[in-house]
Each structure stands twice: as structure tokens, then as C-alpha cells.
Amino acid sequence: MDIESPEYWLRVGYGLGAPRKLKRLSRLPAPSPDQDPGQFDVPVVAHFGGGTNSTAYLIDWVQEGNRLDLVIFSDTGGEKPETYEHVGRFSWWLVQNGAPAVTIVRYHTKDGDPVRLEDRCIETKRLPSLAYGWKKCSQRFKRDPQVRFINNWEPARDAWLSGRRVIALIGYDADEPHRMARQKEREDEIKQRLEQGLPVNDRAYADARKFLFRYPLLDIDFGREECVELCKEVLDYSPPKSSCFFCPASKPHEIKQLAQQHPDLLKRALAIEANAESTHGHTPKLGRWRHWGEFIRNQFISETSLAP
């Protein structure tokens with residue numbers, strides 16, 4: 001395969017993201033409460049969601065010449081084709097600009113076998129947890145694979161053993177400062193506990209005692225509009241929305257778009273819904289507030305033959 005093709009870097013990412021089982025660290029020393037997130041003398045990790053915001057902050061971060069050691073993306077196995085294409089193309093852009101390729105991680109069983117969220121839904125006869133009002137699907141298939149990879153990543157382990165925290169980049173933009181409010185409160189709380197000599201080994205402090213969070217888009221006062229403009233200026237296109245094709249949070253126009261652009265994926269989404277077992281006597285609904293099958297029958301019966 002051509003080393004300059006986007007597909008090459010996508011495959012490199014999968015290889016780098018293979019699960020590792022290193023010896024579990026003993027209790028880590030308490031991190032320093034005075035560590036400055038503006039000093040890049042520790043590894044810098046970018047949490048890449050595959051969408052516009054995380055793409056925009058990475059473009060700016062790389063163009064400013066800031067340190068970057070790891071760009072990590074969690075693949076649920078259910079992203080739309082255009083998202084996978086973008087991740088590959090952007091991974092190529094990163095490498096061409098002196099940054100590391102995207103490392104792609106997936107949820108794995110204890111035996112090391114990758115598991116797709118779609119397959120887990122079919123196997124358990126359940127919908128993604130968001131359909132029931134929970135966010136465990138994002139926790140298990142997005143957050144946890146990244147945490148497990150970083151827990152076994154040597155640069156991070158070395159930093160933690162020295163009492164330092166890894167700098168983690170998050171793509172919250174200037175239009176959504178509320179999203180970082182809770183994390184900021186947690187960071188202030190752990191700093192206060194460290195200054196007072198109190199323990200921070202409780203699970204509630206797991207992220208804050210290992211990571212110092214930075215929000216590059218807030219630093220440069222970029223909202224959604226500015227993110228879109230930067231991506232178009234540098235990449236000549238705007239990244240697609242990153243989400244599973246069967247996401248319960250999909251809006252009506254997104255379901256219609258899926259039917260028009262990827263009818264095969266819509267059939268698979270409807271199969272997940274039809275396969276799910278009833279809970280408490282209620283008909284399973286793939287949408288948070290709507291039944292996808294009924295929606296397709298009501299909205300598309302004259303336009304598509306996909307409805308069962």
C-alpha cells in the first residue's frame with residue numbers, strides 16, 4: 001500500500017492501538033498540585049472524536065508547533081463511512097505536518113478480541129444504552145478503550161510514577177463552556193485536596209489525578225462557526241458529524257439522510273431495533289423519543305422500500 005495514502009495511516013493507527021497488558025502499577029505517588037498545564041514537559045494526549053471540533057483544535061495546535069505525543073480515536077465499529085474516511089485523511093494530514101498518526105482503539109474482550117457496539121446490541125438483544133436514558137455505550141465503547149490504552153502507554157506510566165500528570169486535550173468550544181464546568185470543579189477539588197495533603201485515590205478522582213485537562217478551543221475563543229471555517233480553510237472540507245449510524249440521539253433529518261445516503265446501514269439499524277427485547281412491557285425504540293421503524297413507515301413509505 002502507498003505510504004502516502006490516507007488508508008495507510010488509518011491502518012497504522014489500528015496497529016498502534018492494539019491492546020497491551022502491562023504489569024499493573026502499584027499505588028502511584030500523589031501528583032503535584034502546582035503542575036502547570038501550560039508547561040509541556042510531560043506527554044500531551046489529544047482525544048480525537050473524529051468531528052469538527054476535535055479536528056479544528058488539532059489543526060490549530062499542530063500549526064502553533066505545540067508538543068503532541070498521542071492522538072487517540074475510539075472506534076465503536078459503527079461510525080458512518082464518511083467519518084472513517086475523514087479519520088484516515090486527517091491522520092495523513094497530521095503526519096505530513098510533523099504530528100503523530102491517529103491511534104485507533106476499540107473495545108476488546110478479556111481475550112483481546114475487538115467487539116463492535118452493533119454486535120453487542122444484537123447479542124444481548126438490547127438497544128444502545130442511550131435509548132434507555134443512559135450513556136454506558138459511550139462510556140464502554142468510547143471512553144474506556146482510550147483509558148485502557150493510555151494506562152498501558154509507557155510515556156504516561158513514566159509521568160505518573162514521577163508524580164506528574166499527563167496533559168489531555170479536549171475539544172469543548174467557546175459556545176459550550178458548560179461542558180467543562182463539571183471537570184473544572186473536579187480539578188479545583190483535587191488541587192485543594194493535594195494542597196491539604198488529603199488522599200486522592202478514590203475512583204471519583206481517577207481522571208483528575210492522572211490528567212491535566214486543556215481546552216484549546218476555549219483558549220483561542222473558537223466557537224462552532226470558527227471551527228468549521230478553519231477546517232474548510234486547511235482541509236478544503238468540513239468533517240462530518242461523528243456518531244454511530246444507529247445512535248438513539250439521531251434527529252429526524254439525520255435518519256432521513258441515513259436512508260438516502262446509506263440504505264444498507266439503515267437496514268442494520270432497523271435490525272437492531274427489531275431484535276431488541278421488550279422492557280417493562282414497552283416496545284423498544286431505537287430513537288430516544290421515537291421508534292425508527294414507525295418513523296420510516298410514516299415518513300418514507302412513498303420514497304423507499306426499506307420499511308419492514
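Is Arg214 buried or exposed? Arg214 counts as buried, because its relative accessibility is 17% and buried means under 20% relative accessible area, with exposed over 50% and partly exposed in between (1.4 Å probe, protein chains only). The model is a predicted one, in which local features need pLDDT of at least 70 and side-chain atom pairs count only at pLDDT 80 or more, while totals for chains, interfaces and linings use all residues. Residues are numbered from 1 along each chain as its sequence is written, and side-chain values use heavy atoms, with hydrogens and water left out.

Arg214 lies in strand E5, residues 211-214. Helices (H or I, at least four residues) and strands (E, at least two) are DSSP runs, numbered from the N terminus. Leaving aside residues up to four places away in sequence, Arg214 touches Pro37, Gly38, Phe40, Trp61, Ile167, Ala168, Leu169, Ile170 and Asp219; contact means heavy atoms within 4.5 Å. Between Arg214 and Gly171 there are 43 residues in sequence and 8.8 Å in space, C-alpha to C-alpha.

The protein as a whole has 13 helices and five strands. Of its 308 residues, 46% count as buried. Among contacts with a separation of 6 or more, 76% are between residues 24 or more positions apart.

Glu189 is 19 residues from Ala208 in sequence and 9.3 Å from Ala208 in space, C-alpha to C-alpha. Glu189 counts as partly exposed, because its relative accessibility is 35%.

Helix H4 covers residues 117-124, and its buried residues are Leu117, Glu118, Arg120 and Cys121. These fall within an arc of 165 degrees when seen down the axis of H4, so they line one face of the helix. The arc is that of the directions from the helix axis to the C-beta atoms. The cover over the buried residues of H4 includes helix H5 (136-151) and helix H12 (263-275).

H4 and H12 pack at an angle of about 30 degrees, and their axes are 9 Å apart. Such axes are lines fitted to C-alpha atoms, for helices over the stretch in contact, and angles run from 0 to 180 degrees between N-to-C directions. H4 and H12 are therefore roughly parallel to each other; angles under 35 degrees count as roughly parallel, over 145 as roughly antiparallel, 65 to 115 as roughly perpendicular and the rest as oblique. Glu118, Cys121 and Ile122 of H4 make the contact with Arg268, Ala271, Ile272 and Asn275 of H12. By class, the contact of H4 with H12 has four nonpolar, one polar and two charged residues. Here Ala, Val, Leu, Ile, Met, Phe, Trp, Tyr, Cys and Pro count as nonpolar, Asp, Glu, Lys and Arg as charged, and the others, Gly among them, as polar.

H12 also packs against helix H11 (252-261). The angle between H11 and H12 is about 125 degrees, with their axes 5 Å apart, and the two helices are therefore oblique to each other. On the H11 side, Leu258, Ala259, Gln260 and Gln261 meet Pro263, Leu265 and Leu266 in H12. The residues of this contact divide into five nonpolar, two polar and no charged.

A further helix pair is H2 (residues 52-63) with H10 (residues 224-235), packed at an angle of about 60 degrees with axes 9 Å apart. In this contact, Thr52, Asn53, Thr55, Ala56, Ile59, Asp60 and Gln63 of H2 meet Arg224, Cys227, Val228, Leu230, Cys231, Val234 and Leu235 of H10. Eight of the contact residues are nonpolar, four polar and two charged.

The backbone deserves a word too. Most residues other than glycine have a negative phi. Just after H4, Lys125 takes a positive phi of about 55 degrees. Lys125 is in the loop between H4 and H5 and counts as partly exposed, because its relative accessibility is 34%. Asp236, which is not a glycine, also has a positive phi, of about 70 degrees. Asp236 is in the loop between H10 and H11, and is exposed, with a relative accessible area of 68%.
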